[in-house]
Amino acid sequence: MKETLRYLAGIAGPSGYGSKSTAEQVTQGSVASHLTAIITGATSGIGAETARVLAKRGVRVVIPARDLKRAAEVKEGIQRESPNAEVLLFEIDLSSLVSVQRFCHQFLALGLPLNILINNAGVYSKNLEFSEDKIEMTFATNYLGHYLLTEMVLEKMIETAAETGVQGRIINLSSVIHSWVKRDDFCFTRLLNPKNYNGTCAYAQSKLATIMHAKEMSRQLKARNARVTINVVHPGIVKTGIIRAHKGFITDSLFFIASKLLKSISQGASTTCYAALSPQIEGVSGKYFADCNESNCSALANDESEAKKLWKQTRALIHRRLRQPSVKHL
Ligand SMILES: NC(=O)c1ccc[n+]([C@@H]2O[C@H](COP(=O)([O-])OP(=O)(O)OC[C@H]3O[C@@H](n4cnc5c(N)ncnc54)[C@H](OP(=O)(O)O)[C@@H]3O)[C@@H](O)[C@H]2O)c1
(Lines give C-alpha, C1' and ligand atoms only; values in the text may rest on other atoms or scores of the structure.)
Protein backbone atom coordinates (compact mmCIF):
# COMPACT_ATOMS: atom_id res chain seq x y z
CA MET A 1 0.00 0.00 0.00
CA LYS A 2 2.78 2.37 1.02
CA GLU A 3 4.64 1.42 -2.20
CA THR A 4 1.55 2.13 -4.35
CA LEU A 5 1.03 5.54 -2.76
CA ARG A 6 4.70 6.33 -3.23
CA TYR A 7 4.39 5.33 -6.90
CA LEU A 8 1.23 7.35 -7.54
CA ALA A 9 2.52 10.44 -5.80
CA GLY A 10 5.98 10.07 -7.34
CA ILE A 11 7.57 10.41 -3.90
CA ALA A 12 11.33 10.07 -4.08
CA GLY A 13 12.97 7.02 -2.51
CA PRO A 14 16.43 6.81 -0.87
CA SER A 15 18.15 7.55 -4.21
CA GLY A 16 16.43 10.93 -4.34
CA TYR A 17 14.38 9.83 -7.37
CA GLY A 18 10.98 8.21 -7.80
CA SER A 19 8.40 7.05 -10.32
CA LYS A 20 8.03 10.48 -11.90
CA SER A 21 11.76 11.11 -12.39
CA THR A 22 12.81 11.28 -16.01
CA ALA A 23 15.90 9.86 -17.70
CA GLU A 24 17.24 13.38 -18.19
CA GLN A 25 16.75 14.26 -14.53
CA VAL A 26 18.53 11.17 -13.17
CA THR A 27 21.55 11.74 -15.44
CA GLN A 28 21.75 15.51 -14.94
CA GLY A 29 25.38 16.49 -14.43
CA SER A 30 26.77 13.16 -15.69
CA VAL A 31 29.70 13.60 -18.02
CA ALA A 32 30.17 10.28 -19.76
CA SER A 33 32.11 11.09 -22.92
CA HIS A 34 34.67 8.37 -22.14
CA LEU A 35 32.04 5.61 -22.16
CA THR A 36 30.75 3.21 -24.83
CA ALA A 37 27.38 1.48 -24.48
CA ILE A 38 25.57 -1.21 -26.45
CA ILE A 39 21.79 -0.77 -26.20
CA THR A 40 19.49 -3.40 -27.71
CA GLY A 41 15.96 -2.52 -28.75
CA ALA A 42 16.85 1.14 -29.22
CA THR A 43 14.66 1.60 -32.31
CA SER A 44 11.63 2.49 -30.17
CA GLY A 45 10.18 3.05 -26.72
CA ILE A 46 12.39 2.86 -23.65
CA GLY A 47 15.50 1.81 -25.58
CA ALA A 48 15.31 4.77 -27.98
CA GLU A 49 14.92 7.20 -25.08
CA THR A 50 17.79 5.52 -23.20
CA ALA A 51 20.01 5.90 -26.29
CA ARG A 52 19.02 9.55 -26.72
CA VAL A 53 19.75 10.48 -23.14
CA LEU A 54 23.01 8.53 -22.84
CA ALA A 55 24.22 10.07 -26.12
CA LYS A 56 23.28 13.50 -24.78
CA ARG A 57 25.54 12.80 -21.79
CA GLY A 58 28.40 11.98 -24.18
CA VAL A 59 28.24 8.18 -24.30
CA ARG A 60 29.21 6.54 -27.61
CA VAL A 61 26.09 4.53 -28.39
CA VAL A 62 26.10 1.25 -30.29
CA ILE A 63 22.65 0.23 -31.55
CA PRO A 64 22.24 -3.30 -32.86
CA ALA A 65 18.82 -3.50 -34.52
CA ARG A 66 16.83 -5.75 -36.80
CA ASP A 67 15.27 -2.76 -38.52
CA LEU A 68 18.15 -0.64 -39.78
CA LYS A 69 15.84 1.97 -41.31
CA ARG A 70 14.28 2.71 -37.92
CA ALA A 71 17.72 2.61 -36.31
CA ALA A 72 18.92 5.22 -38.84
CA GLU A 73 15.94 7.44 -37.91
CA VAL A 74 16.81 7.12 -34.22
CA LYS A 75 20.44 8.00 -35.00
CA GLU A 76 19.32 11.04 -37.01
CA GLY A 77 17.11 12.22 -34.12
CA ILE A 78 19.94 11.80 -31.61
CA GLN A 79 22.42 13.70 -33.79
CA ARG A 80 19.94 16.48 -34.49
CA GLU A 81 19.77 17.09 -30.74
CA SER A 82 23.41 16.23 -29.95
CA PRO A 83 25.46 16.95 -33.12
CA ASN A 84 28.66 15.47 -31.65
CA ALA A 85 27.02 12.21 -30.60
CA GLU A 86 28.68 9.07 -31.88
CA VAL A 87 26.08 6.46 -32.82
CA LEU A 88 27.04 3.18 -34.49
CA LEU A 89 24.43 0.95 -36.11
CA PHE A 90 24.60 -2.81 -36.64
CA GLU A 91 22.17 -5.49 -37.67
CA ILE A 92 20.96 -8.04 -35.14
CA ASP A 93 18.00 -10.34 -34.69
CA LEU A 94 18.06 -11.28 -31.02
CA SER A 95 15.84 -14.29 -31.64
CA SER A 96 18.58 -15.84 -33.78
CA LEU A 97 21.72 -17.20 -32.13
CA VAL A 98 23.71 -16.90 -35.35
CA SER A 99 22.65 -13.29 -35.81
CA VAL A 100 23.73 -12.44 -32.24
CA GLN A 101 27.04 -14.18 -32.84
CA ARG A 102 27.52 -12.27 -36.12
CA PHE A 103 26.88 -8.91 -34.45
CA CYS A 104 29.34 -9.71 -31.64
CA HIS A 105 32.07 -10.65 -34.13
CA GLN A 106 31.48 -7.40 -36.04
CA PHE A 107 31.49 -5.26 -32.90
CA LEU A 108 34.53 -6.92 -31.34
CA ALA A 109 36.47 -6.60 -34.62
CA LEU A 110 36.32 -2.80 -34.26
CA GLY A 111 38.50 -2.99 -31.14
CA LEU A 112 36.35 -0.46 -29.28
CA PRO A 113 36.10 -0.43 -25.48
CA LEU A 114 32.82 -1.48 -23.87
CA ASN A 115 31.62 -0.04 -20.57
CA ILE A 116 27.85 -0.51 -20.60
CA LEU A 117 25.58 -3.21 -22.00
CA ILE A 118 21.84 -2.62 -21.84
CA ASN A 119 19.83 -5.75 -22.62
CA ASN A 120 16.63 -3.86 -23.36
CA ALA A 121 15.00 -5.40 -26.46
CA GLY A 122 11.81 -7.30 -25.75
CA VAL A 123 8.79 -8.84 -27.39
CA TYR A 124 5.38 -9.96 -26.26
CA SER A 125 3.97 -12.58 -28.60
CA LYS A 126 0.25 -13.22 -28.31
CA ASN A 127 0.41 -16.39 -30.39
CA LEU A 128 2.87 -19.23 -30.24
CA GLU A 129 5.72 -18.57 -32.67
CA PHE A 130 9.12 -20.19 -33.02
CA SER A 131 12.47 -18.64 -33.81
CA GLU A 132 14.69 -19.91 -36.61
CA ASP A 133 16.42 -22.00 -33.90
CA LYS A 134 13.00 -23.58 -33.21
CA ILE A 135 12.68 -22.03 -29.80
CA GLU A 136 9.58 -20.22 -28.52
CA MET A 137 9.98 -16.64 -29.79
CA THR A 138 9.55 -14.67 -26.53
CA PHE A 139 12.08 -16.79 -24.65
CA ALA A 140 14.48 -16.78 -27.63
CA THR A 141 14.37 -12.98 -27.98
CA ASN A 142 14.03 -11.67 -24.45
CA TYR A 143 16.33 -14.15 -22.74
CA LEU A 144 18.46 -16.46 -24.92
CA GLY A 145 19.65 -13.81 -27.39
CA HIS A 146 20.69 -11.54 -24.53
CA TYR A 147 22.37 -14.40 -22.67
CA LEU A 148 24.57 -15.09 -25.72
CA LEU A 149 25.20 -11.39 -26.38
CA THR A 150 26.32 -10.88 -22.77
CA GLU A 151 28.53 -13.95 -22.82
CA MET A 152 30.24 -12.85 -26.05
CA VAL A 153 31.04 -9.27 -25.00
CA LEU A 154 31.77 -9.96 -21.33
CA GLU A 155 35.54 -10.39 -21.67
CA LYS A 156 35.71 -7.09 -23.58
CA MET A 157 33.85 -5.39 -20.71
CA ILE A 158 36.13 -6.92 -18.08
CA GLU A 159 39.21 -5.91 -20.11
CA THR A 160 37.89 -2.33 -20.59
CA ALA A 161 37.19 -1.99 -16.87
CA ALA A 162 40.66 -3.29 -15.95
CA GLU A 163 42.38 -0.94 -18.43
CA THR A 164 40.40 2.20 -17.62
CA GLY A 165 39.58 1.69 -13.95
CA VAL A 166 35.97 2.52 -14.80
CA GLN A 167 33.47 -0.06 -13.61
CA GLY A 168 31.55 -1.85 -16.36
CA ARG A 169 27.77 -2.12 -16.01
CA ILE A 170 25.30 -4.58 -17.49
CA ILE A 171 21.59 -3.86 -17.20
CA ASN A 172 18.88 -6.42 -17.92
CA LEU A 173 15.34 -5.15 -18.54
CA SER A 174 12.80 -7.25 -16.68
CA SER A 175 9.26 -6.62 -15.51
CA VAL A 176 7.27 -6.80 -12.30
CA ILE A 177 5.25 -9.45 -14.15
CA HIS A 178 8.08 -11.92 -13.43
CA SER A 179 6.47 -12.41 -10.01
CA TRP A 180 3.39 -14.03 -11.61
CA VAL A 181 5.41 -17.15 -12.48
CA LYS A 182 4.81 -20.17 -10.26
CA ARG A 183 7.70 -22.49 -9.48
CA ASP A 184 6.02 -25.55 -11.04
CA ASP A 185 5.49 -23.70 -14.32
CA PHE A 186 9.15 -22.78 -14.72
CA CYS A 187 10.58 -25.76 -16.57
CA PHE A 188 13.35 -25.30 -19.12
CA THR A 189 12.13 -27.73 -21.79
CA ARG A 190 8.60 -26.25 -21.56
CA LEU A 191 10.04 -22.74 -21.93
CA LEU A 192 11.64 -23.76 -25.21
CA ASN A 193 8.56 -25.54 -26.49
CA PRO A 194 5.40 -24.77 -24.48
CA LYS A 195 2.51 -27.21 -24.41
CA ASN A 196 -0.34 -24.82 -23.69
CA TYR A 197 0.90 -21.47 -24.84
CA ASN A 198 -0.14 -18.30 -23.09
CA GLY A 199 1.55 -15.07 -24.26
CA THR A 200 1.48 -13.39 -20.86
CA CYS A 201 2.97 -16.46 -19.12
CA ALA A 202 5.69 -16.74 -21.76
CA TYR A 203 6.52 -13.05 -21.34
CA ALA A 204 6.57 -13.33 -17.53
CA GLN A 205 8.78 -16.43 -17.68
CA SER A 206 11.26 -14.74 -20.01
CA LYS A 207 11.43 -11.79 -17.62
CA LEU A 208 11.99 -14.08 -14.64
CA ALA A 209 14.82 -15.72 -16.57
CA THR A 210 16.49 -12.33 -17.16
CA ILE A 211 16.56 -11.72 -13.40
CA MET A 212 18.00 -15.16 -12.67
CA HIS A 213 20.60 -14.55 -15.38
CA ALA A 214 21.67 -11.30 -13.72
CA LYS A 215 21.75 -12.79 -10.22
CA GLU A 216 23.86 -15.77 -11.29
CA MET A 217 26.19 -13.70 -13.45
CA SER A 218 26.66 -11.22 -10.63
CA ARG A 219 27.81 -14.06 -8.34
CA GLN A 220 30.25 -15.26 -11.00
CA LEU A 221 31.64 -11.75 -11.61
CA LYS A 222 32.16 -11.23 -7.88
CA ALA A 223 33.97 -14.58 -7.63
CA ARG A 224 36.30 -13.42 -10.43
CA ASN A 225 36.82 -10.00 -8.80
CA ALA A 226 35.80 -8.48 -12.13
CA ARG A 227 35.01 -4.75 -12.10
CA VAL A 228 31.74 -5.31 -13.90
CA THR A 229 28.32 -5.22 -12.27
CA ILE A 230 24.99 -6.55 -13.51
CA ASN A 231 21.63 -5.31 -12.28
CA VAL A 232 18.01 -5.68 -13.32
CA VAL A 233 15.46 -2.97 -14.01
CA HIS A 234 11.67 -2.92 -14.01
CA PRO A 235 10.98 0.25 -16.01
CA GLY A 236 7.38 0.69 -14.84
CA ILE A 237 4.36 0.36 -17.09
CA VAL A 238 4.97 2.53 -20.12
CA LYS A 239 2.75 2.86 -23.18
CA THR A 240 5.15 1.61 -25.83
CA GLY A 241 4.90 -0.97 -28.63
CA ILE A 242 5.06 -3.84 -26.16
CA ILE A 243 2.09 -2.61 -24.12
CA ARG A 244 0.01 -2.03 -27.25
CA ALA A 245 0.68 -5.69 -28.13
CA HIS A 246 -0.80 -6.70 -24.73
CA LYS A 247 -4.15 -5.03 -25.54
CA GLY A 248 -5.67 -8.35 -26.47
CA PHE A 249 -5.68 -9.57 -22.92
CA ILE A 250 -6.31 -6.27 -21.14
CA THR A 251 -9.93 -5.28 -21.65
CA ASP A 252 -10.61 -1.71 -22.71
CA SER A 253 -11.92 -0.63 -19.32
CA LEU A 254 -8.99 -2.20 -17.50
CA PHE A 255 -6.70 -0.54 -20.01
CA PHE A 256 -8.35 2.80 -19.30
CA ILE A 257 -7.72 2.42 -15.55
CA ALA A 258 -4.20 1.14 -16.18
CA SER A 259 -3.48 4.10 -18.45
CA LYS A 260 -3.81 6.37 -15.41
CA LEU A 261 -0.86 4.51 -13.89
CA LEU A 262 1.32 4.56 -16.99
CA LYS A 263 4.64 6.33 -17.09
CA SER A 264 5.83 8.54 -19.92
CA ILE A 265 8.62 7.06 -22.02
CA SER A 266 11.16 9.37 -20.42
CA GLN A 267 10.01 8.25 -16.95
CA GLY A 268 10.18 4.64 -18.20
CA ALA A 269 13.82 5.06 -19.27
CA SER A 270 14.90 6.69 -16.01
CA THR A 271 15.68 3.54 -14.01
CA THR A 272 17.81 2.14 -16.84
CA CYS A 273 19.73 5.42 -17.17
CA TYR A 274 20.11 5.59 -13.39
CA ALA A 275 21.54 2.05 -13.33
CA ALA A 276 23.86 2.90 -16.24
CA LEU A 277 25.36 6.15 -14.97
CA SER A 278 24.60 6.92 -11.35
CA PRO A 279 27.65 7.08 -9.07
CA GLN A 280 25.30 6.13 -6.20
CA ILE A 281 25.30 2.49 -7.27
CA GLU A 282 29.00 2.10 -7.97
CA GLY A 283 29.83 -1.49 -6.96
CA VAL A 284 26.18 -2.52 -6.51
CA SER A 285 25.48 -5.78 -8.36
CA GLY A 286 22.84 -8.49 -8.58
CA LYS A 287 20.04 -6.12 -7.52
CA TYR A 288 16.58 -5.38 -8.86
CA PHE A 289 15.60 -1.73 -9.38
CA ALA A 290 12.25 -0.03 -9.90
CA ASP A 291 11.55 3.71 -9.94
CA CYS A 292 15.31 4.37 -9.63
CA ASN A 293 15.54 2.60 -6.28
CA GLU A 294 16.50 -0.88 -5.17
CA SER A 295 13.39 -3.01 -4.90
CA ASN A 296 12.31 -6.59 -4.22
CA CYS A 297 11.82 -9.34 -6.73
CA SER A 298 10.00 -12.63 -6.18
CA ALA A 299 11.30 -15.50 -4.02
CA LEU A 300 11.71 -17.62 -7.14
CA ALA A 301 13.78 -14.88 -8.81
CA ASN A 302 16.02 -14.91 -5.71
CA ASP A 303 16.42 -18.69 -5.70
CA GLU A 304 20.14 -19.32 -6.18
CA SER A 305 19.88 -22.99 -7.10
CA GLU A 306 17.18 -22.33 -9.73
CA ALA A 307 19.33 -19.61 -11.24
CA LYS A 308 22.37 -21.89 -11.38
CA LYS A 309 20.30 -24.62 -12.98
CA LEU A 310 18.91 -22.23 -15.59
CA TRP A 311 22.40 -20.89 -16.30
CA LYS A 312 23.80 -24.37 -16.95
CA GLN A 313 20.87 -25.47 -19.08
CA THR A 314 21.04 -22.29 -21.16
CA ARG A 315 24.78 -22.52 -21.70
CA ALA A 316 24.53 -26.15 -22.76
CA LEU A 317 21.65 -25.43 -25.14
CA ILE A 318 23.32 -22.44 -26.81
CA HIS A 319 26.63 -24.20 -27.28
CA ARG A 320 24.91 -27.32 -28.60
CA ARG A 321 22.88 -25.26 -31.09
CA LEU A 322 25.85 -23.23 -32.30
CA ARG A 323 27.85 -26.41 -32.89
CA GLN A 324 25.16 -27.96 -35.06
CA PRO A 325 26.34 -28.47 -38.65
CA SER A 326 23.13 -26.88 -39.94
CA VAL A 327 24.10 -23.60 -38.24
CA LYS A 328 26.15 -21.46 -40.58
CA HIS A 329 29.10 -19.88 -38.73
CA LEU A 330 30.50 -16.57 -39.82
N1 LIG B 1 6.59 -0.83 -21.74
C2 LIG B 1 6.40 -1.38 -20.56
O3 LIG B 1 5.42 -1.12 -19.90
C4 LIG B 1 7.38 -2.37 -20.00
C5 LIG B 1 7.15 -2.89 -18.72
C6 LIG B 1 8.05 -3.77 -18.18
C7 LIG B 1 9.17 -4.14 -18.92
N8 LIG B 1 9.37 -3.63 -20.16
C9 LIG B 1 10.57 -4.05 -20.89
O10 LIG B 1 11.29 -2.91 -21.36
C11 LIG B 1 11.99 -3.23 -22.55
C12 LIG B 1 11.73 -2.20 -23.62
O13 LIG B 1 10.38 -2.31 -24.01
P14 LIG B 1 9.53 -1.15 -24.67
O15 LIG B 1 8.36 -0.96 -23.81
O16 LIG B 1 10.38 0.02 -24.99
O17 LIG B 1 9.04 -1.91 -25.99
P18 LIG B 1 9.03 -1.52 -27.53
O19 LIG B 1 8.74 -0.08 -27.73
O20 LIG B 1 8.12 -2.52 -28.16
O21 LIG B 1 10.53 -1.79 -27.98
C22 LIG B 1 11.05 -3.08 -28.08
C23 LIG B 1 12.36 -3.01 -28.82
O24 LIG B 1 12.88 -4.35 -28.92
C25 LIG B 1 13.28 -4.56 -30.26
N26 LIG B 1 13.20 -5.98 -30.64
C27 LIG B 1 12.15 -6.81 -30.52
N28 LIG B 1 12.45 -8.02 -31.03
C29 LIG B 1 13.72 -7.95 -31.47
C30 LIG B 1 14.60 -8.86 -32.11
N31 LIG B 1 14.23 -10.12 -32.39
N32 LIG B 1 15.84 -8.45 -32.42
C33 LIG B 1 16.24 -7.18 -32.16
N34 LIG B 1 15.47 -6.27 -31.56
C35 LIG B 1 14.22 -6.64 -31.23
C36 LIG B 1 12.28 -3.75 -31.09
O37 LIG B 1 12.80 -3.59 -32.37
P38 LIG B 1 11.88 -3.40 -33.70
O39 LIG B 1 11.89 -1.92 -33.93
O40 LIG B 1 12.64 -4.14 -34.76
O41 LIG B 1 10.53 -3.97 -33.39
C42 LIG B 1 12.22 -2.48 -30.25
O43 LIG B 1 13.33 -1.66 -30.55
C44 LIG B 1 11.55 -4.66 -22.94
O45 LIG B 1 12.51 -5.58 -22.50
C46 LIG B 1 10.27 -4.83 -22.17
O47 LIG B 1 10.00 -6.18 -21.88
C48 LIG B 1 8.50 -2.74 -20.72
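Trainee: Is K134 buried or exposed?
Mentor: Count the other C-beta atoms, placed from the backbone, within 10 Å of the residue's own: 20 or more is buried, 12 or fewer is exposed, and in between is partly exposed. K134 has 10 of them, so K134 is exposed. Keep in mind that this is a predicted model: local features need pLDDT of at least 70, side-chain atom pairs count only at pLDDT 80 or more, and totals for chains, interfaces and linings use all residues. Residues are numbered from 1 along each chain as its sequence is written.

Trainee: Where is K134 found?
Mentor: Helices (H or I, at least four residues) and strands (E, at least two) are DSSP runs, numbered from the N terminus. K134 sits in the loop between β4 (116-119) and α6. Its phi is near 65 degrees, a positive value in a residue other than glycine.

Trainee: What about phi of D291?
Mentor: Phi of D291 is near 50 degrees, again positive in a residue other than glycine. D291 belongs to the loop between β7 (288-290) and β8 (293-295). But D291 is buried, because 27 other C-beta atoms lie within 10 Å.

Trainee: Which residues does E81 contact?
Mentor: Two residues are in contact if their C-beta atoms, placed from the backbone, lie within 7 Å. Leaving aside neighbours within four places in sequence, E81 contacts R52 and K56. E81 and R52 are 29 residues apart in sequence, yet 8.6 Å apart C-alpha to C-alpha. E81 lies in helix α4 (residues 68-81) and is exposed, with 12 other C-beta atoms within 10 Å.

Trainee: Which residues have the most contacts inside the largest nonpolar core?
Mentor: A nonpolar core is a set of buried Ala, Val, Leu, Ile, Met, Phe, Trp, Tyr and Cys residues joined through C-beta atoms within 7 Å. The largest one here has 87 residues, and A37, A51, L54, V61, I63, C273 and A276 have the most contacts inside it. Helix α6 (residues 137-164) gives this core its largest share, 12 residues.

Trainee: What does A37 touch?
Mentor: Not counting residues up to four places away in sequence, A37 touches L54, V59, V61, V62, N115, I116, I118 and A276. A37 is part of strand β1 (residues 36-39) and is buried, with 24 other C-beta atoms within 10 Å. As for A276, helix α12 (residues 270-277) contains it among its buried residues, and 8 of the 8 residues of α12 are buried.

Trainee: At what angle do helix α8 and helix α13 cross?
Mentor: Axes are lines fitted to C-alpha atoms, for helices over the stretch in contact, and angles run from 0 to 180 degrees between N-to-C directions. Helix α8 (residues 199-223) and helix α13 (residues 304-323) cross at roughly 95 degrees, with axes coming within 9 Å. Angles under 35 degrees count as roughly parallel, over 145 as roughly antiparallel, 65 to 115 as roughly perpendicular and the rest as oblique. Therefore α8 and α13 are roughly perpendicular to each other.

Trainee: Which residues come nearest the ligand?
Mentor: A residue is near a molecule if its C-beta atom, placed from the backbone, lies within 6 Å of it. Of the 29 residues around the ligand, G41, G45, G122, T240 and G241 come nearest. Helices α3 (45-56) and α9 (241-245) each supply at least two residues of the shell.
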